[in-house]
Amino acid sequence: MASAGVLTNSTIVTEHTFKVMGGPARLVIEHAPDHAASARVACQAVEALLRDLEARYSRYREDSLISQINRLAGTGKLTTVDEETLALLEFCERLWEQSQGLFDPTAGILRQVWDFSRGQQGDVSELPNLLGKVSWTKVVQSEEGIALSDAGMELDFGGIVKEYGADKAAQSLRDSGFNHALIELAGDIVAVGNKCSGAPWQVGISDPDAPSETLVTIELSNCALATSGDYQRFIEINGRRYSHFLNPHTGWPVEGAASVSVISDSCLTAGAVATVACLNASEGATAWLTTAGLPWLRVEQAGECSGPLALAHPADAIGRN
Amino acid sequence: MAVIERGVNNTPSLTTIKRSPLVRTLGAAVAALPAYQSTNADAPPEFTEVGLRYSHYSEDSLSEDKFIAGARGRYDIDVTQLWIEAPIGSSWSIAVDVQNDSMSGASPWFVGTQIDGNPGVIMSGASIYDNRVEVGATTRYFWADGNAGFNVTQSKEDDYEAWAMAFDVAWNSDDNSRTWSASASTSNDKVEPVDGNIPVFIDREDIDTASIYFGVSQILSSTAIVRIGLGYTFSEGYLSDPYKLFDARPDEHSRTALSGGYRKFFPEAQGAIQIDYRYYSDDWGTDSHTAEIAWQQNFDRFALTPYLRYYSQREADFFSVIADLDEKFYADDFRLSSYGAMTVGLRSSIQIGEWQMEGQLERYESDNDWGLYDGEAAPALVNFWRATIGISWRFD
Amino acid sequence: MHCALKFCSYWKNKIWQHCRLFCLLVFIGITGCSSLEPVAAWERGYLAEDAMQWQSSTREAKFKGHVYTSKEASSGGNGAAGGGCGCN
């Protein structure tokens, strides 16, 4: 759905909303009035490229590249992959290394034990069996392609594809000559340049407990804000709240933050840093975020905010209970 | 990239953050992904551009106290520039430039002594009219890491014809942060002075010129870029001015120019500072400093650029205010004297859809006292106004 | 051809001094710049601004070069020289 609105005499806004990768997507482009047609075309192109990423990397789609790799797990057959996929795998490798294995794209099968949609714990006795199949080191990569060495293994790019898509969308808009735009893919935001007025884009980080409420407003220009954490999905065990992030070493959910937001020049980097922060318990997360050295905001299960970005929001919101 | 801290305390700005080793490691992997590959790779222009530009150049009349005889009114030149530049396929572009200069006025013929003992200028008699037409064509080839261009230009006047050929190449470093550039050119000029108001003493002479340039520009940050360049030009042939009575110059001239530039954009101000400097030196004993500073202020679709230029040169070895005919080489040409000059100007441009319009006005004044170098003042130093208007149109 | 030979001989003798200075500047510059953070493709928006170009326009550069070269003793600094003209 695309709409255009007049901002000033010389600037108009084209907005395009759609659903992709299981969430809402929103594109906002500010441009000169005579570029309205090309702005609409640029929006269509962004939507198409995001759908293409989804088609290739969604584990929910039978015909995706990921599903194909997963089907061949344990057979020893290699799946040939394109350069973009190779580069994404390379990025996973780096992040796996840097996070000491906390980020592991093969950890998705652990969800078989934990049912977050119902907030219930599954059969924990299954865990040792499943943990045997969770290991990035069992992803075989060669020049001919990639394969998963054990049957039952699954690869999941869920943690990075949306962020990568947001960056790709931004680049696509820049390539089309639009330098004042905002891309939002369900909590991941990329600001392309400033607004036409020269002012930065204002974006809000929403309150995990009340997603329609804004916790912090941040001004972005030519950079990305990624938020990891899903407020609705948590598990309560013995009265303690666990996030939906699963530790690939233990198979248990992480007793960590409700959400972590990170700003970086690319959404992919921001998202990766935020995701690993969520995979760490509190102290580990702070250490990780400090090492990364990027601006961050962490919202605890109980609602407290911490991090450099927390200082940015109005005092009444700090330490909110 | 910047997080702008408006009303925000303690928020680290990304521009001031030194990237951590962790982010750098991830960044290296990020950079390998197609979405982050530089699309600033060299590519032909996306549009065809047609443009027309008109400039009026007008020199002040020679002041009464420096004038002996002839016509006091100096040059007025109307310059019309017309061009078309178009992409051809995905890796070529072509540009054709036509320029017409139509000049009228008198020029200094020689310097003599006035009754009061001060030097004065004898100008060519009545106004001279001349027309120069220059036609040039440039083809350019673009590849992922650079571009190369080839240009042929012909310039023709009643009394002067020049052919020039130039080749230039620019290539970018792997991370596109550094650009090396080199160019080479040769030209052949033929001087065939025509007797007009003043007698000339040659029939037809040649000037051959060869020139090379080498430069490098470096991106310093997301808002700053710097460059330096070194150029060398050698000419031989008839380098004297046939329209000056006392002008005998060496028939070889070797020149070097060392230049530097800096651009810095200030996002909060939506403007950029532009600084350029050149040091020039030649084997006629002249050397010079040129410094230029400008501020381009962007508005919505309008840009305003006030600029200043300072120039100062040392006189050539064989220059004297009144030509010394006992020497092997001599000249009284003010352009070879010691002086300093200032240009003050304002440039503006406005973009309306596919149309771009520009306007520019500048004032140039020169004075012996403004110079950095010693040397007697030439009476014929020039001051001029220049005004330009232009329009160009881009289309697919 | 003759001109080219002369050009080479002068190149050897006269330009050497400047060449050394230039090479030194380039060397210092490159050494100094090697510690710079590379600027990523998506951060180059400002660098692509008109205000950041070396010339305000090709035609202005040509016009300006022409005026100053014919009114001042100096030339160059912006690429290899073009052809001359009889404009004095």
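Predicted model: local features only at pLDDT ≥ 70, side-chain atom pairs only at ≥ 80, totals over all residues.

Student: Okay. In what order do the elements of chain C run from the N terminus on?
Tutor: They run α-α-α. Chain C has three helices and zero strands.

Student: What percentage of the residues in chain C is buried?
Tutor: Of its 88 residues, 41% are buried. Chain C exposes about 4500 Å². Carbon and sulfur atoms supply 63% of that area.

Student: Switching to chain A. Which residues of helix α7 are buried?
Tutor: Helix α7 of chain A spans residues 282-292, and its buried residues are A:A285, A:W288, A:L289 and A:A292. They sit on the same side of α7(A), because they cover an arc of only 95° around the axis.

Student: Why would spacing like that put residues on one side?
Tutor: An α-helix has 3.6 residues a turn, so residues three or four places apart point the same way.

Student: And what does the face turned away from the buried side carry?
Tutor: That face of α7(A) carries the exposed residues A:E283 and A:T290.

Student: What about A:A277, buried or exposed?
Tutor: A:A277 counts as buried, because its relative accessibility is 1% and the cut-off is under 20%. A:A277 lies in helix α6 of chain A, residues 267-279.

Student: New topic, charges. How many salt bridges does the structure hold?
Tutor: Over all chains, 44.

Student: Give me one in chain B. Which side chain does B:R132 meet?
Tutor: B:R132 meets B:E134 in a salt bridge, at 2.9 Å from N to O. B:R132 is buried, at 1% relative accessibility. B:E134 is buried too, with a relative accessible area of 13%.

Student: What does B:K156 form a salt bridge with?
Tutor: With B:E161; the closest N and O atoms are 3.8 Å apart. B:K156 is partly exposed, with a relative accessible area of 43%. B:E161 is partly exposed as well, at 23%.

Student: And how far apart are the closest N and O atoms of B:R363 and B:E365?
Tutor: They are 3.0 Å apart, and the pair forms a salt bridge. B:R363 is buried, with a relative accessible area of 15%, whereas B:E365 is partly exposed at 30%.

Student: Which residues do shared partners join into one network?
Tutor: Salt bridges that share partners join B:E85, B:D97, B:D101, B:R132, B:E134, C:R59 and C:K62.

Student: Last one. Which residues gather in the patch of negative charge on the surface?
Tutor: A:D34, A:D175, B:E46, B:E354 and B:D396.

Student: Where is B:D396, then?
Tutor: B:D396 is in the segment after β21 of chain B, the strand at 384-395. B:D396 counts as exposed because its relative accessibility is 78%, and exposed means over 50%.

Conventions:
Residues numbered from 1 in each chain as written. Chains lettered and ligands numbered in written order. Heavy atoms only, no water. Patch = residues over 30% accessible without salt bridge, like charges linked within 9 Å, V, L, I, M, F, W, Y side chains within 5 Å. Areas by Shrake-Rupley, 256 points an atom, 1.4 Å probe, with all protein chains shown as cover. Salt bridge = Lys/Arg side-chain N within 4 Å of Asp/Glu carboxyl O. Lys, Arg positive; Asp, Glu negative; His and termini not counted. Charge placed at Lys NZ, Arg CZ, Asp CG, Glu CD. Helix = DSSP H or I, 4+ residues; strand = E, 2+ residues; numbered from the N terminus. Buried < 20%, exposed > 50% of the residue type's maximum accessible area, 1.4 Å probe, protein only. Arc of directions from axis to C-beta.
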